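Below are some notes on one helix and on the salt bridges of this model. Please read them with the structure open.

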Amino acid sequence: MRSLPSGIVAFLLTDVEASTQAWNRSTDETEAALIGLDLDLTAKVTALDGSVVKARGEGDSHLAVFSEASRAISAAAALQRRSDTSLSLRACVLIGEAHP
């Protein structure tokens, strides 16, 4: 993992909507979809010079950090426009001071 930014940073948090119902419908399909999400999220975050701090922190959530808010927002928008629509993703960007 690249070094984490410090000072005023932008955090990107994501969560899969209705994930419990998805797991109950099909564990195998949900796990495959989450693996795809993990790969997409990591690619989109790193392409925008962000760092994934924690993948699947609460089962299906992710936490990433960026040195610029605009990059975090771009990553959130790109994740919302994913071509894989089997999972509906919520995303939020928070700005604050942090030190690794």
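1. Helix α3 has twelve residues, which at 1.5 Å a residue should span 16 Å; the end C-alpha atoms are 17 Å apart, so the two values agree. The expected span is 1.5 Å times one less than the number of residues. Helices (H or I, at least four residues) and strands (E, at least two) are DSSP runs, numbered from the N terminus.

2. On the basis of the values: this is a predicted model, in which local features need pLDDT of at least 70 and side-chain atom pairs count only at pLDDT 80 or more, while totals for chains, interfaces and linings use all residues. Residues are numbered from 1 along each chain as its sequence is written, and side-chain values use heavy atoms, with hydrogens and water left out.

3. Which residues of α3 are buried? They are A72, A75, A76, A78 and L79. These residues cover an arc of only 165° around the axis, so they lie on the same side of α3. The arc is taken from the directions from the helix axis to the C-beta atoms. Buried means under 20% relative accessible area, exposed over 50%, and partly exposed in between (1.4 Å probe, protein chains only).

4. The buried residues of α3 pack against β1, α2, β3 (62-66) and β4. Contact here means heavy atoms within 4.5 Å.

5. The model has five salt bridges, each defined as a side-chain nitrogen of Lys or Arg within 4 Å of a carboxyl oxygen of Asp or Glu. R71 lies in helix α3 and D49 in the loop between α2 and β2 (51-55), so the bridge ties together parts 22 residues apart in sequence. R71 is partly exposed at 26% relative accessible area, and D49 is partly exposed at 46%.

6. A salt bridge also joins R90 and D15, with the closest N and O atoms 2.4 Å apart. This pair links distant parts of the chain, R90 being in strand β4 (residues 89-98) and D15 in strand β1 (residues 7-16), 75 residues apart. Both count as partly exposed: R90 has a relative accessible area of 42%, and D15 has 25%.

7. Is R82 buried or exposed? R82 is buried, with a relative accessible area of 9%, whereas its salt-bridge partner D40 (2.9 Å, N to O) is partly exposed at 28%. Salt bridges that share partners join D40, R82 and D84 into one network.
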